[in-house]
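Here are my notes on this model. Please read them with the structure open.

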Amino acid sequence: MQIYRATISKEEISVMPQLSCEGKKILVVDNLESAYKECKILMKREILGFDTETRPSFRKGETHKVSLLQLADEQCCWLFRLNKIDFPGALADLITAERPVKIGLSVKDDYRRMAQRAPITPHGFVDLQQEVKKIGIAELGLQKIYAIMFGKRISKTSRLSNWDADILQPKQMEYAAIDAWACLDIYKKLCDELQKNIS
């Protein structure tokens, strides 16, 4: 099993090639009919990358509900626009089911945000912050973990954009999708490394 370096600097990451989602599909889900249809498809998957986005708050005491929920398999990322469809039952069923396994980072923060929209108890989640410790990584952020494991930079330029906008811009869609795909990439490589240790 390969043991990775524990930390990495922002300066090192800044010169790495940027990760893109070229060749992959991004599907925006912004109505209930589509949400139920796509959740049926997603329930058949074994593993999904997961993330959420929330409109940033720039004033003290101001908060917003989670705007977007991302779920990704290897080839497609589904962007559920919760600010438009709220939290439909089919999506709640997916989030509370043991399968498929959902792979995220700092998922307790996502649980809290989702609970503001629906009284659900998530199940079937893996938090990468805990898992990467097994291969020596001490970093907690997705960008740094991905850079250590893959040598590529995840752009964060759209992180503080308006996720409640009427129409998501292509850069927002790519940013959101890449975060979910990156979680999936990390988990798969982590499983490979841990399997080597068993073999």
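In what order do the 6 strands of the open sheet lie? The points below start there.

1. Basis. This is a predicted model, in which local features need pLDDT of at least 70, side-chain atom pairs count only at pLDDT 80 or more, and totals for chains, interfaces and linings use all residues. Residues are numbered from 1 along each chain as its sequence is written, and side-chain values use heavy atoms, with hydrogens and water left out.

2. The sheet. The strand order is β1-β4-β3-β2-β5-β6, in an open sheet with mixed pairing. Pairing takes at least two DSSP bridges between two strands. Helices (H or I, at least four residues) and strands (E, at least two) are DSSP runs, numbered from the N terminus. β1 (25-29) and β6 (125-127) are the edge strands; each has a single partner strand, so one side of each lacks a neighbour in the sheet. On average, neighbouring strands are turned by 25° against each other, direction ignored.

3. β2 (residues 47-54) and β3 (residues 66-72) run antiparallel and are joined by 6 bridges. Phe50 has Leu71 in β3 as its bridge partner.

4. Helices on the sheet. Axes are lines fitted to C-alpha atoms, for helices over the stretch in contact, and angles run from 0 to 180 degrees between N-to-C directions. Contact means heavy atoms within 4.5 Å. Helix α2 (residues 32-42) lies across β1, β2, β3 and β4 (76-81), at about 140° to β4. Helix α5 (residues 107-115) lies across β2, β3, β5 (101-104) and β6, at about 60° to β2.

5. Helix pair. The axes of α2 and helix α4 (residues 89-96) come within 8 Å and cross at roughly 25°. That makes the two helices, α2 and α4, roughly parallel (angles under 35 degrees). The crossing of α2 past α4 is left-handed: the near helix is turned anticlockwise from the far one by less than a right angle. Tyr36, Cys39 and Leu42 of α2 meet Gly89, Ala90, Leu91 and Leu94 of α4. By class, this contact has 6 nonpolar, 1 polar and no charged residues. Ala, Val, Leu, Ile, Met, Phe, Trp, Tyr, Cys and Pro count as nonpolar, Asp, Glu, Lys and Arg as charged, and the others, Gly among them, as polar.

6. Leu140. This residue sits in the loop between α6 (128-131) and α7 (142-150). Leu140 counts as partly exposed because its relative accessibility is 48% (buried is under 20%, exposed over 50%, partly exposed in between; 1.4 Å probe, protein chains only). Leaving aside neighbours within four places in sequence, Leu140 is in contact with Leu105, Gln129 and Ile145. Its C-alpha atom is separated by 31 Å from that of Lys84, 56 residues apart along the chain.

Terms used:
Angles under 35 degrees count as roughly parallel, over 145 as roughly antiparallel, 65 to 115 as roughly perpendicular and the rest as oblique.
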